[in-house]
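Here's a quick briefing to read alongside the sequence and the 3D view. Have both open as you go.

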Amino acid sequence: MTVSDRRTFAIISHPDAGKTTLTEKLLYFGGAIHLAGEVKARGQNRRARSDWMKIEQQRGISVTSSVMTFERAQEDGSVITFNLLDTPGHEDFSEDTYRTLTAVDSAVMVIDAARGIEAQTRKLFEVCRLRSVPIITFVNKVDREGRSPFELLDEIADVLALDVCPMSWPVGMGGTFQGVLDLQNRTISRPEGDSRTFQGKVEPAPDLPADVAEEIELAQAGYAAFDAEAYRHGDLTPVYFGSALKDFGPAELIAALASYAPPPRAQPAEPAPVTPDTDEVTGFVFKVQANMDPQHRDRIAFMRLVSGTFKRGMKLTPTGHGKPIAVHSPILFFAQNREIADEAFPGDIIGIPNHGTLRVGDTLSERADVRFTGLPNFAPEILRRVALKDPTKTKQLRKALDDMAEEGVTQVFYPEIGSNWIIGVVGQLQLDVLVSRLEAEYKVAAGLEMAPFDTARWISAADPADLKAFADLNRAAMAKDRDGNPVFLAKTAWEVGYVADRYPKVKFAATRER
């Protein structure tokens with residue numbers, strides 16, 4: 001195995017765009033599973049049947065299908081190992097999506113052909129751009145009533161501010177669906193399942209209507225030609241049209257990932273970026289998930305391996321506390337199954353069972369002389385007070401809030417004045433997940449009340465005396481986060497600007513590096 005054999009990518013989309021179905025079909029065409037659960041599903045069962053795909057497990061960031069590893073043999077005899085990372089589709093969990101994108105080298109954005117790019121999809125696109133992640137766009141459900149492919153391509157180009165390159169073309173989209181043309185391999189996949197080779201650039205097949213040939217000619221003339229380097233550099237997005245449910249497109253998509261998607265890349269770190277060919281084993285934790293196996297109440301830290309060859313049982317030092325830990329039972333996730341990983345290579349994602357030792361943002365390395373950067377906490381957009389219904393459960397509540405803050409589900413703030421702890425989230429759905437998990441996993445009944453604050457900022461100053469003076473004067477609005485960092489709680493975003501102007505020696509930060 002070599003670094004060039006790895007493809008680590010994320011699938012992102014808005015809800016109901018077909019991400020679950022596409023994920024399953026990629027596993028199916030990659031040989032990881034032998035039955036696609038969507039094929040015969042009906043009604044409320046129209047979802048992937050595998051336990052790791054249950055929609056209720058995909059509520060919020062608590063997704064047991066976070067990582068799926070599978071292999072695919074190439075025509076030249078080589079084998080590509082794919083590490084597929086699932087992401088929440090809802091915009092309320094864009095912070096979790098951001099952290100997941102730190103662990104991948106490329107992404108597939110799924111768009112519903114009828115709905116186009118929705119507001120929350122735009123936010124996910126922005127997250128990709130923030131991480132400079134190369135994007136392949138998959139326009140799904142083209143066999144249904146939809147919009148013009150030209151309209152969708154223009155919209156994608158406008159939102160992403162990138163060149164777009166159609167790699168396939170839907171014939172009869174929005175009308176009588178006739179199939180999908182693969183513009184690279186010169187084949188057409190039809191609804192009855194046959195695939196025919198065609199020749200020529202303007203006249204793709206003798207039995208296609210003239211208006212279709214004209215569409216293809218316009219598309220090839222009006223949009224960018226495919227350039228692998230431009231795609232990997234983040235200047236161009238290849239666009240595939242298809243229907244994951246009907247098996248149009250997933251095979252071509254997985255072939256594109258194998259051929260074009262970048263292998264593991266260098267990762268930002270201090271004192272210098274770390275490249276995959278570095279001999280020392282290094283990696284970082286981008287996600288912590290509790291209770292993946294309810295019978296064992298386990299806790300898994302997901303680590304992206306950045307460099308070196310990891311061996312089972314080796315000792316790595318986390319930045320969190322500096323004490324080496326022996327990784328005896330590292331996990332690789334193969335579709336529905338878990339397997340103990342005897343070794344792993346750059347680009348691989350391994351699960352490390354632990355009891356709270358590892359946190360999101362931790363770097364693990366052999367010599368503890370490196371720290372990966374780029375996994376921040378973001379200032380919450382919603383603040384709520386936690387009202388405990390049973391005062392004897394205070395200890396359990398604190399543990400639960402700390403655990404979920406450690407996972408990145410929420411943030412927790414402990415005010416300097418008052419006993420009601422405050423939680424911060426990016427979106428309303430996170431609050432629903434929080435209350436549900438408190439009850440189900442920690443047996444803590446709690447309610448949420450409006451807080452007298454609207455947002456939060458981490459504060460710092462070059463001179464500790466300036467920081468102390470500010471905190472003393474604004475004690476009623478001061479709190480500590482779970483790590484003890486000072487936080488200013490503001491009633492409005494306007495107040496943040498006003499107070500920042502009054503105290504120029506104090507820095508008010510909307511993000512804090514983990």
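Which residues touch the most other members of the largest nonpolar core? They're Phe241 and Phe310, in a core of 76 residues. Bear in mind that this is a predicted model: local features need pLDDT of at least 70, side-chain atom pairs count only at pLDDT 80 or more, and totals for chains, interfaces and linings use all residues. Residues are numbered from 1 along each chain as its sequence is written, and side-chain values use heavy atoms, leaving out hydrogens and water.

**Nonpolar cores**
- A nonpolar core here is a set of buried Ala, Val, Leu, Ile, Met, Phe, Trp, Tyr and Cys residues joined through side-chain atoms within 4.5 Å, where buried means under 20% relative accessible area (1.4 Å probe, protein chains only).
- In the core of 76 residues, strand β14 (residues 299-307) supplies the largest share, with six residues; strands (E, at least two residues) and helices (H or I, at least four) are DSSP runs, numbered from the N terminus.
- Apart from that core lies another, of 27 residues, and Phe138, Cys165, Leu253 and Leu257 are among them.
- Leaving aside residues up to four places away in sequence, Phe310 has contacts that include Val281, Leu305, Pro330, Asp342 and Ile350 (contact means heavy atoms within 4.5 Å).

**Helix α1**
- Nine of the eleven residues of α1 (residues 19-29) are buried, so the rest of the structure largely encloses this helix.

**Helices α8 and α9**
- The axes of α8 (residues 394-407) and α9 (residues 428-442) come within 11 Å and cross at roughly 120°; axes are lines fitted to C-alpha atoms over the stretch in contact, with angles from 0 to 180 degrees between N-to-C directions.
- On the α8 side, the contact is made by Leu397, Ala400, Leu401, Asp403, Met404 and Glu407, and on the α9 side by Leu434, Arg437, Leu438 and Tyr442.

**Ala456**
- Ala456 sits in strand β29 (residues 455-461) and is buried, with a relative accessible area of 3%.
- Its C-alpha atom is 9.6 Å from that of Ala477, 21 residues apart along the chain.
- Not counting residues up to four places away in sequence, Ala456 touches Ala379, Pro380, Leu383, Phe413, Val487, Phe488 and Leu489.

Key:
Buried means under 20% relative accessible area, exposed over 50%, partly exposed in between (1.4 Å probe, protein chains only).
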